[in-house]
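This report describes a single protein model. Please read it alongside the sequence and the coordinates.

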Amino acid sequence: MEKFIIVLKGLGLFLLLSAVLFILQWQLAENNVVVLDYKIHILIFFVTLISLLTILIVFALEKRNIIGFIFLGFVVFKFFAMGYIAVFQKDFRLHIVPYFVLYWVYLLIEVVFVLKLVKKQD
């Protein structure tokens with residue numbers, strides 16, 4: 001039961017941080033600082049969400065020593081997803097720096113979660 005509560009807290013915190021990032025993107029667009037495409041942000045969000053859900057489920061199932069490998073696999077997958085977006089989305093090329101900042105923020109969130117889960121696993 002304790003692991004289930006940790007999974008729900010982690011998921012809730014991730015969703016809260018993601019909502020803050022979406023609100024920040026909306027505010028930047030409202031103030032004409034930088035207008036970013038929501039489709040790209042949603043894609044980055046869902047890839048990170050799938051990664052975190054997988055890692056949290058593996059943690060809840062008490063599978064030891066594979067969280068790091070799953071995390072590494074999803075980091076590589078997300079990097080190739082960003083390459084796919086860069087090739088096929090013209091808006092991405094126009095605002096490449098803000099999108100990579102967004103990518104790195106989501107990656108930082110994911111790294112913090114994985115580090116906390118690995119520490120709790122030991």
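## Basis of the model

The model is predicted; local features need pLDDT of at least 70, side-chain atom pairs count only at pLDDT 80 or more, and totals for chains, interfaces and linings use all residues. Residues are numbered from 1 along each chain as its sequence is written, and side-chain values use heavy atoms, with hydrogens and water left out.

## Overall fold

The protein chain has five helices and zero strands, in the order α-α-α-α-α along the sequence. Helices (H or I, at least four residues) and strands (E, at least two) are DSSP runs, numbered from the N terminus. Along the principal axes, the C-alpha atoms fill a box of roughly 45 × 25 × 15 Å.

Of the 122 residues in the protein chain, 35% are buried. Buried means under 20% relative accessible area, exposed over 50%, and partly exposed in between, with a 1.4 Å probe and protein chains only. Among contacts with a separation of 6 or more, 74% join residues 24 or more positions apart; a contact means heavy atoms within 4.5 Å.

The accessible surface comes to about 7800 Å², and carbon and sulfur atoms account for 75% of that area. Accessible areas come from the Shrake-Rupley method with a 1.4 Å probe, and for residues only the protein chains shown count as cover.

## Charge and the salt bridge

The protein chain carries 11 positive and 7 negative side chains, and the centres of the two sets lie 5 Å apart. Lys and Arg count as positive and Asp and Glu as negative, while His and the chain ends are not counted. The place of a charge is taken as NZ of Lys, CZ of Arg, CG of Asp or CD of Glu.

Side chains of opposite charge can pair when their charged atoms come close. A search of the whole structure finds one salt bridge, defined as a side-chain nitrogen of Lys or Arg within 4 Å of a carboxyl oxygen of Asp or Glu. The side chains of Lys78 and Glu110 form this pair, at 2.7 Å from N to O. The pair links distant parts of the chain, with Lys78 in helix 3 (residues 67–88) and Glu110 in helix 5, 32 residues apart. Lys78 is buried at 3% relative accessibility, and Glu110 is buried at 0%.

## Contacts of Ser51

Ser51 lies in helix 2 (residues 38–60). Its relative accessible area is 0%, so Ser51 counts as buried. Leaving out residues up to four places away in sequence, Ser51 touches Phe74 and Glu110. Glu110 is also the acidic partner in the salt bridge with Lys78.

## Surface patches

Patches are made of residues with over 30% relative accessible area and no salt bridge; like charges are joined within 9 Å, and nonpolar side chains (Val, Leu, Ile, Met, Phe, Trp, Tyr) within 5 Å. A positive patch on the surface consists of Lys9, Lys116, Lys119 and Lys120. Helix 5 (residues 96–121) gives the largest share of this patch, three residues. Lys120 lies in helix 5 and is partly exposed, at 49% relative accessibility.

Ile23, Trp26, Tyr38, Ile42 and Phe46 make a nonpolar surface patch of about 480 Å². Helix 1 (2–30) and helix 2 are the elements that give two or more residues to the nonpolar patch. Its largest share, three residues, comes from helix 2. Tyr38 is found in helix 2 and, at 32% relative accessibility, counts as partly exposed.
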